[in-house]
Amino acid sequence: MATANQNSDLPLAPVRSAPGLLVLLASMPLEESEKVVANLTSSFSAESLMIATADTLPGDLWPGLRILTIPEANPSWTLTAADFELAYRLAGENEAGAILMLGPGSGSLRSSGLRDLANAVIDVSADLAIPCYDLPPHAGLINSAILYPLTRALFSSRARFPLAVDLGLSLRMAERLAIAAQRSTALSQEDSLIWPINEAAVAGFTTKEIDVGPRSTPQPSESDINAILASVTGSLFADIDAKAAFWQRPRYLPPTRDSSQQAPTTDGPTDITPMVDAFRLAYTNLQEIWSLVLPPNSLLGLKRLYMTDVAKFSMPDTLWARIVFDFLIAYRLRTINRGHLLGALIPLYLAWVASHINITTAGTNPERHIEALAAAFEADKPYLVSRWRWPDRFNP
Amino acid sequence: MQNFLAIMLDSGQHPAAQQLTGDNGSIWHHMSDALHQSIDRVLSLLIAILPGILAFFVAMAVFTLVGMALSALLRRGLTWAKFDDRLTQTRGKDDWTPGTSPTALIARASFWACVILGLIIGASAFDASYASAATLPISLLPYLTRAVGAIFLLIAGTLIARFLARSVLIGAVNAQLQYARFLSLGVKWLVLVLTAAMVLDHLEVGGVVVELAFGILFGGIVLTLALAVGLGSRDLVSRSLESHVDRPSEHGVGPTHVPAASQAEPIRHF
């Protein structure tokens, strides 16, 4: 992986990109779309760009810019299977050399971030350019708790945001993702999630992480975290299940890259009592279900956590890693109904969030804690592999 | 026995005794005839039913063996064809997720389908042989075929009750309802009571008594749940309504609620 320089946000001289860059722009307010296009045209010549969007952009503002009008799709907070399929089709029809997919809220991205993301795939140095956002410490917590550590441990990728809403794709990467997307769209599941890091790892494609600075992340339209968490986690678990032959082999993790991003700092205290209460309520009611999934050691750890005061509430990283792995195995074995399984994970996730907030409030750098958590996932990977292969024989 | 009685009666030469001997001989003759006829009828009924019973067991055994062979064949074939992997790839995200792998599910389903087919064919063969040959009413036999349906109803009802109880328990816990377990138990017993009533109705046991008892029990459980939930969650509902007016959901995906007075940082799960 390489690090892109994104310190400067000054307008740069337009760079000629050949062949053309297809930019698939998610539907967003007109001012925001115009801002994205303005940022792009400040880095690339208008002739080398093709903007595909469902919004109506005023073409006279950017002479020479090709604007492709695409049909209005269902609004989504992240990139879906339909988006990947559409991107590859448009790239083929318009003979684009690379693709830049920008999700909702991409108007908040710096022009330098957009430029670096696009350049990573234009100069064919990478097949997949994935952004690293500079988010507040208490944002993107599902990503920090489950998506990032699992992806890092199993697919040996340090990409901090496996479910990023902006991506740079080479044509062969776009083709790979479109094939994966077709399986879902063929079954009328256009809103299915696709995991680009996993696909790139399995295909042996190069991935490059780019620091893009701060971004206002789009939030899911569904107000219920239970449904969203189950949907996202379930999708990742299913993808891991489908790629089991790949990740069971030991692989080397790329070295840590130098990041120019600022370490996030907490602005103030956050009340974790409701989350701890939710965990305690679940502990008194869901023991029967948890005991079907978790081994006695984990249950004992949860019991200790249940008896801990709110002020000292802290879930060990090893316990959380073991919990996620055991839920992943139960998902694979279908120990209980998968909907029930993912529902039973929610209070445990809330306990982790409460613990994470407690740790960061005590002065630990949030990123340092998340890195330690990811390392705990990596260290415990042999347990996952053993139980995956011999679920009945190996059950401590 | 008859000879013994005759000798005993013949030993006395009294006329009255001779008369009695003649009468007793006639009674015994009648009793003996009646007993013979009864035994004949029972034996003939058993002989008539035996082929049916034999057909039942033969059908069951044959179809069980066929089911075992078919199940093993399907399991091997689907494993060889990597059916599970292909299905996962083609189906992708799916709301319906069975408790076992699709291959095992298909193999088991084929086995049990054969067993059920054997049961149905055996029962119908038995029923046919009984109906054609029966001259005496045996009240238990007609229940045999209904009992099969009743067993299926009972199994399905129990499975549905367990599934719904878990769904309600997890949903209620995630909604932070303090009476989650009580609610889950209530739903479980509602379904079980309904199942029991359906099974008894299918077996035609109890008649109106079952309907009446079911109505009372079902209504009682619903009323208890309604009162418990209504009274128990009064504060929760009012707080929920207030929160919907004032701010987004406390456990929504967006920023988690924080008191306005504090400088607390919002939590974003995504």
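Reply: Let's start with contact: two residues are in contact if their C-beta atoms, placed from the backbone, lie within 7 Å. Please keep in mind that this is a predicted model, where local features need pLDDT of at least 70, side-chain atom pairs count only at pLDDT 80 or more, and totals for chains, interfaces and linings use all residues. Residues are numbered from 1 along each chain as its sequence is written, and chains are lettered from A and ligands numbered from 1 in the order in which they are written.

Me: Into which domains is chain A divided?

Reply: Domain bounds come from an automatic or database domain assignment. Here chain A has domain 1 (21–247) and domain 2 (273–389), with C-alpha centres 30 Å apart.

Me: How many residues of each domain are in contact?

Reply: In chain A, 20 residues of domain 1 are in contact with 23 residues of domain 2. On the domain 1 side, α4 (141–155) and α7 (225–242) of chain A are the elements giving two or more residues; helices (H or I, at least four residues) and strands (E, at least two) are DSSP runs, numbered from the N terminus. The largest share, nine residues, comes from α4(A).

Me: At what angle do α12 and α13 of chain A cross?

Reply: Axes are lines fitted to C-alpha atoms, for helices over the stretch in contact, and angles run from 0 to 180 degrees between N-to-C directions. The axes of α12 (residues 317–333) and α13 (residues 338–361) of chain A come within 10 Å and cross at roughly 175 degrees. Therefore α12(A) is roughly antiparallel (over 145 degrees) to α13(A).

Me: Which residues of α12(A) and α13(A) make the contact?

Reply: Among them are W320(A) and F327(A) of α12(A), and L345(A) and W352(A) of α13(A).

Technical notes: Parallel < 35°, antiparallel > 145°, perpendicular 65-115°, else oblique.
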